[in-house]
Structures are given as C-alpha cells and as structure tokens.
Amino acid sequence: MPLDTPFGADNGAPATAPVDASRRTFLKIGAAAGGGLMLSLAACATPTDTDGAATLATAPAAPPAPLEEINAFVAISPTGKIRIMAKNPEIGQGVKTMLPMLIAEELDADWSAVDIEQAMADAALYGTAASGGMQFAGGSRATPSTWLPLRRLGAATRQVLLQAAAQTWGVPVGELTTGPSVVIHAASNRRATYGELATAAAALPAPDDEMMKTVALKDEASFRIIGKSVKQWDTPRIVRGEPMFGIDMVVPGMKYAVFEQCGVWGGKVVSANLDEVKAVPGVVDAFIVRQVGDDLAPLIDGTNLGLLDGVAIVADDWWTAKTAREKVLKVVWDEGASRTDSSAGFDAKAAELAKGAPQSVLNEKGDVAAAMKAAAKTVEASYSYPFLPHATLEPQNCTARINADGTAEFWSTTQLPEPGRGLVAKVLGVEQSAIKIHMIRAGGGFGRRLANDYMAQAAAIAKHSGHPVKLLWTREDDMRHDHYRPGGYHNFKAALDKAGAMTAMTNHFVTFKRGTRPANSAQLSPAEFPAGFIPAHSYGMSMIEFGVPTGPLRAPESNGVCFAYQSFLDEVAHAAGKDPLAFRLELLSAQTEGPAAGGFSAQRMYDVVKLVGERSGWANRTSLPKGTGMGVAFYYSHLGYFAHVAKVKVEPSGQWRVQKVWVVGDIGKHVINPTGAANQAEGSVIDGVGEMLQTITIENGRTKQANFFDMPLIRINQAPDVDVHFHITDNAPTGLGEPALPPAPPAVTNAIFAATGKRIRQLPVVTSSLRWT
Amino acid sequence: MAFTINVNGKTQTVDVPGDMPLLWVLRDKLELKGTKFGCGVASCGACTVHIDGAPARSCVTPISSVGAGVVTTIEAVGDSPTGRAVQAAWVEVDVPQCGYCQAGQVMAATALLSTTPKPTDRQIDDAMAGNACRCATYVRIRKAIKTAAGLPTADTREA
Ligand code: FES
Ligand code: FES
C-alpha cells in the first residue's frame, strides 16, 4: 500500500510521424487529412529526407491511404479502415493495444478494420481530461484513468457517424443503430458502412463537451471487444525484427554519441583529454557537457532527473565512439560530497539507528506498550532489502535533432514526455512549444524511463555538435547511472495474546533522505497493513543521509515493503501456531477502523486470499515432500488486490527453484484484454522472483555492478510456472502493470521457510544459507 | 578495412575496423535493426544471430572472424520453415511484452528446433537460458516453443 506513488512502472511507449497540432484541436472535426502524416510507424512510413522525419531503415515506402479525421483519435477511410491513435507510451505494458480497444468498443467498430498508430506527445490533443489525462506510462494508471473517458470518446465518435447517416437519409438519429462498423436504419432497411459515412461525418460539427459527458455508453453485457483477448498490436512486426524501438531510430545526417558520466553522481569534470579523443579516426567531436541547475538533489531524485556533468564523444558510428571512450578518453573528476557512500556504511548506520528511538513517528494507535507488556509472546525481527536497478533490456537512448528554425525534435522512449519537454527546453534555452517529442516504443520501462536524463543529454549533445545525434548508453552506463529502488530496513516487533491473536505491532523503518524528506520511492505508508486491523501499532522512521539517485521501480515502495511486512506476518503466524493463510484471513476480518488509506477493501482482499488457497491446494501442502514448501502473501497496490501462493523446492545443497506460483487478482469487473493482462501478471511474478537474486552495491560512492554477469536477470530455467486467475467483482477496472509483483518475493520466502525452516530476512537470497540435511 | 560477408543470402562488403562486432555492422552499417543490443558482453542474448545455422552472440563476434560464415538475422529467419513456425507460434501465444528481447528469443528457439525438433522442458531451459527477457515472458516463450514443435504446452519440469 504505497503512500504516494503517482508513477510506478507499467510498461509502454509509441511513435509516429509528425502531426501539426495547430491543424485541429481535440475533437475538432478535421477536413480530409491524408498525406504521409497519417501513416503508422508500424507500417513503416518512410518519410523522405526532405520532410526530415526519422526514417526506419529498410522500411518500404507505402502510399498513404486517404483518411477522414473524425477527431484527434479516430480517422476513417472511405474504404472503412479505422485508424485509432494510441495516446500513451508503450513500454511493454500493452496499452498500445488496450486503449484503442476502449475506443473501438464504444465506436462499435469492426476490430479487424482497425489500425493503431502511436500518438505524438501532444498535451493539447491527447493529454486532455476528456481523454483520460496526461500521456504517460506509470503507476498502473492507464486503465483507471481512461476507462470512462476513452469509451465516451468512442461513443461520441459513433454519434457523429449516426448524425451523418441521419442527415444523408433524412431520418431521426434515434431510429438508427450500429453493428460492427455499420449504421443501420431498420425501418427502411438501409445500411451504410462507416467508410461510406466517413466523408460526411468529417464535415459535421464536433461533439461538444456536453455530448462527451452525456453520450450513452453500451450496456456492458454487450461488449464484444472489451474482455476478449486481442494479441499485442505490434507482435507480428516484433517477431520479424522490424525497426520500432528507440535504438532503431535513424535521422538523416545523424551521428552517434556516447556520454561519460562521473561514477559518483554529481561529480564535476575538471579536465579531459579532448584533443586526443578528437584525433581518433571516425570521431567527429568530443566536448564537456555541464550540469544544468545548481541544486543537485532534484537532478538525482524523482521522476525527471536532469543533466549532470559529462563528456560527450560524437562519431560516425557508435562503435567508434564507444571504443574511443574506452581506449583514449581520460577524465579528471571532482567527485563531490557523496564519494564515501557505501552499502556497508548504510547497513552499519541503519543498525545504529535501529538501536535508538525513531527520528519521527509515522502513525501510532492504541497502547502499544501495554499490549507488549501483557503479551503471551512477542516476536522480533529485522528485515532489509538492497538497492535495485531497472535494467530495461534496451539501454537508455535518445535521438535528437535541432532544426534550423530553432525547434528541436526528440525520438524518445520516455514514459513521461511532458516533464521531458520541460527539461530539454531548459537545457536548450528555448520555449517548450519549440519541442516535438515522438514517443517511441521502449524496450522495457519499469519506471526507469519516467526520468528523462538521457533526453537532456541528447539535447545538449545535439546542440553542441551541430548534428542530429543518437545517444546510446552502454549497459554499464545503464547499470551505473540508474535512479535506483532504494534499499530499506524494517525493525519489527509484534505481540500475541494467549489465543494467538496479534495485539500490537511496531516497526522502526530506516530509510534514506533527500534534504529533510524521504528520498524518492523511499517512503513507508503510515496505513501499512496491519495498521487498523490490530488493536495497537506504532510505525516510526529514521533516515540516512546519502547521495545515490533513487526513483520508482515497478510497484515502487510496495516491491520492498511487501517483502518485509508479509514475511514478518508469516513469522508471527508461525509463532502463534497458526496456518499462515488462515492467520491472514483472521487479520483481514478484524478491521478496527473505517476504510484504510487508498480505499483498501478488506473484503476484496479476504476473497482473493481465500481463493488463492483453494486454487493452489493450500490445504494439502502438508503432504509435500521434505524440502518442498508452500508460502502465501498478499498485497494491495495500484488499486489492485493480489494474493499469491508459491511452491518452492529447496535441494539439500541449498539450490532452490520456485516451481509454481498461483495468482489471484481482483482488478474489478472487466479484464479489458485478458491475454495482455495475464502476460503482465505472469511477468510481474517472475520479475518479483528475479528481484530476489539481485542487488546493487554502492562502494566509494558509486555502483559496483557493471552488467548482467554481476547483476543477473532471471532466466527461463529459474522462472516458475504461473497460474493467473482474475476474480471478477463489481468494481471499476484497474491497472495491471504493477500490483501482481509485490506478493511474489514474500510468497517465495515464506515457502522457503515452510520447506526448510529457514527464514529469509534479507534480500538477495543467499543460496548457500539454505542448505539442509 | 574491407570485409565481405554473407548476410541473409546477400554478399555485402563493409569497410570497418576488424574488431567491430558483427552486431554493429548489422545495425549501423547494413541498417538491419532487428538484431538488438542489450549487454555487449554475451550476457543477455538480445543480439543472437545464426552463423551457419548455429546461434551466435553478434555483440562479441568481431567482423574479422565471420569469414565465409553464413549469417542469418531475424529479418530473414522466416525464410526457413522452422523460423516461420517459430514466428507464427510467437504470435499465436502472444509472447512479447516490450518485445526487445524477442528477436534474440526467436533466433535461439529456431536454432533449438532445427537441431531438436521435439525438445523437453529441460532442453528448452538449456537452450534458452542465455536469452534474458527483462519483462519475464518465460511462461509464454516455453509455450510458444512447444506450440511450434507441435508438443503439449504444459510445463512438466515439476514432474
Ligand atoms: S548484446 Fe550480445 S549477448 Fe547481450
Ligand atoms: S519482452 Fe521485454 S525484454 Fe523480453
């Protein structure tokens, strides 16, 4: 239950050819548009060098189909092709497919006639309240924020087609109905396809705000697109290796850039042997880029980040730039204040702080001291987890071009384009209106691309070098210049009464601070469960000074806090001599105050916990062989209710493998695209298991790990089978990029305890500690 | 220096340093963007191509070492029946999330099925463990390989 996580990491991001925003405003009816501008990236529009758009190598030129724009989101060709714009970045969370489904459903479109095109980052066109708000990928927000707006948009578009038919036939709109992509007047037995009506519809006045608010939506029972599995729109192109990612962008005349940054975040360039680098054949330029902004904190904390000092090398190809950097470049750095930071130092400081009273109280209720004193039994344990990287498989990159007219264009995999626009405008010293951002499909997001540091670097490099550039980070850059999931330390104590009921719980949470507040993604919700479900609790916090960049990683805060809390609750259950699943159900039944923060419903959680027990055969777990165990955990985040049971086998050698994870989730009354939803849940679970193997170690103020050989990604042989079940309830649909992740690690560690009696209180898991005989 | 290599059935000559990895020749000289860069050190499999039918990490394959080897990339893997079946299974099972690793996965899976048409779960694990998927689409990768092989798709590793 994260306190304040507006932007977590769904996946997602897209790209298209440039659209002139002045041509139309949201839902303004446009004249026939046509032209190459309407070609989708996926279809490989190949704008010529003269229009200067990014081209995708090997893309065949295709003649544009004429399209009648009904509004900013929908265009229909006279042949009936329907182009729907995907408004949010696609980072792998599936929104490029899913959001157009919402529009198509209420438009009553023939899905087989739909083409999806990625929208530009354009707040006036696509980021309005009427279309579900800002264009971004994060916080599992796409579904809850667009569920009604995009359906209304589809319905209003349908109304325009109805009006066109009514005018053409001289009949009242009220007598018309629609079937897939056709308007029907039953009384006169007339039909017209959407294609036939497109030109007339495009000439009609736009639906006004009032219509958008009052337009009738379908009876949900009659949905024929929502709730049916639609394969990811780009999959056929992905498996053919068509260029579509940020790293694939090519701009005419483009050069390639690498950027050397200081290992210690915020370090300043004192000097660099630029002349020697420039003498390398193929190197076009080498220069120092300076930090923009005096205050370091906002540049390394949060969801935008900024431009720090570095040295850019620009070359004819990327390999040459990278090789010149490795073999020739020498930089003298002033490393700055945080050069003594270390993970070992943080651990020592956390242990020291844990001995004292918390520096501040987050939330307190009931008489904890009395409950501890009266307890039949108390349980005390400390949990911790390390810093983690995002490690998107596509390293950070950005293609930038400064145009002759003073405008600048970016091809970016950003999850959060508008702050990126502000950042690059500042770096370039131009108005935000001079910045165009093409949202390009990202090879993973997980929150990394909420920050736009690579955009700022590309802007500075393009400006200084005078060339369009593609900046591409190495994997080592990516590992060492991330904004990490902060580590955390939880020091728990719980009281049990004679009946084994939990009467009190305390947590002294030790975290990291930026200025006077917890750093980004380093908070603990005061309402963290079981607060409000036990008679007394006290959560306090102490903070450690540090200089490491932090930011949201998929299910921020939840991804660590859930491990600590759901593991400790498991310990308490065992101390109480109770079945850990039944113990959780008991707690969930004992709500002592009204609905908790974030609208948490104990009943919804109770139901998924109970159901996952049934589906996993929890009751039969005692018959498992020695060394195999089952564990349970639940969590509420991003409005989703998730409970997992993991089955783990631990060999006597300590080698362990998660065999299977059963997932039950309640994300409301519709699972919009079931195949995409299940894919997200499967991936989240395996991602969560993978995080149990990972760590980022800070030494001498910098990241020790370099690449996947020392910061491993989970592999197919380690990945469990995953059984996903969505429990349908009468609640508004909610998002799925994140909430299935947090329960995975504690379900697994609780299963390891069941298998071996060994309680894992610290991540990553150390295999050698799990040996048993 | 000039190197003449055979890529996707075409003979191509590039003038590059001999230590330039095949990956960057493909991507930045031959404009074949399908082969991806993930780690540069043979640790992720995103850059997997076939050389004479066998999977190779193009990020650590210097162009000077390719010689007369026949290079096949994701752009042409569908020319073989096995590659085509793998691509079709990937679509059928709806494998990708972000999709970035999937070119490498398809190449590795095609190489597996070319030598082992009916792989066991263990053989799939062994052949595919070098190909990381950060989005963790492993349940579906397994399923798609079995679909392409015409095998039942259930995960049998537990048994
Ligand atoms: S890029 Fe070659 S294995 Fe990762
Ligand atoms: S689908 Fe994203 S890395 Fe595999």
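User: How many salt bridges does the structure hold over all chains?

Analyst: Side chains of opposite charge can pair when their charged atoms come close. A salt bridge here is a side-chain nitrogen of Lys or Arg within 4 Å of a carboxyl oxygen of Asp or Glu. Over all chains, the structure holds 52 salt bridges. This is a predicted model, where local features need pLDDT of at least 70 and side-chain atom pairs count only at pLDDT 80 or more, while totals for chains, interfaces and linings use all residues. Residues are numbered from 1 along each chain as its sequence is written, chains are lettered from A and ligands numbered from 1 in the order in which they are written, and side-chain values use heavy atoms, with hydrogens and water left out.

User: Is the pair of Asp28(B) and Lys33(B) buried or exposed?

Analyst: Burial is read from relative accessible area: buried is under 20%, exposed over 50%, and partly exposed in between (1.4 Å probe, protein chains only). The side chains of Asp28(B) and Lys33(B) form a salt bridge at 3.4 Å, N to O. Asp28(B) is buried at 10% relative accessibility, and Lys33(B) is buried at 1%. A second case is Glu651(A) with Lys649(A), a salt bridge whose closest N and O atoms are 4.0 Å apart. Glu651(A) is partly exposed at 35%, and Lys649(A) is partly exposed, also at 35%.

User: Which residues are linked with Asp125(B) in a network of salt bridges?

Analyst: The network links Asp121(B), Asp125(B), Arg142(B), Lys146(B), Asp155(B) and Arg157(B). Within this group, Asp125(B) and Arg142(B) form a salt bridge with closest N and O atoms 2.6 Å apart. That pair links distant parts of the chain, 17 residues apart, with Asp125(B) in helix H4 of chain B and Arg142(B) in helix H5 of chain B. Both Asp125(B) and Arg142(B) are buried.

User: Which residues of H16(A) are buried?

Analyst: Helices (H or I, at least four residues) and strands (E, at least two) are DSSP runs, numbered from the N terminus. Helix H16 (residues 580-588) of chain A is mostly covered, with 7 of its 9 residues buried. They are Pro580(A), Leu581(A), Phe583(A), Arg584(A), Leu585(A), Leu587(A) and Leu588(A). Contact means heavy atoms within 4.5 Å. The buried residues of H16(A) pack against elements of chain A including strand S20 (502-514), helix H15 (558-575) and helix H19 (744-756). At the N-terminal end, Asp579(A) caps H16(A), with a side-chain oxygen 2.8 Å from the backbone nitrogen of Leu581(A).

User: How many residues does the contact take from each chain?

Analyst: The contact takes 67 residues from chain A and 54 residues from chain B. Buried area is the accessible area (1.4 Å probe) that two parts lose on being put together, summed over both. Between chain B and chain A, about 5000 Å² is buried, and carbon and sulfur atoms give 58% of that area. The salt-bridge rule finds 8 across this interface. One salt bridge joins the side chains of Glu682(A) and Arg140(B), at 3.0 Å, N to O.

User: Which helix of chain B gives the most to the side that touches chain A?

Analyst: H5(B) gives the most to that side, with 5 residues.

Methods:
A polar contact is a pair of N or O atoms within 3.5 Å; within protein, one must be able to donate a hydrogen and the other to accept it, and residues adjacent in sequence count only if both atoms are side-chain atoms.
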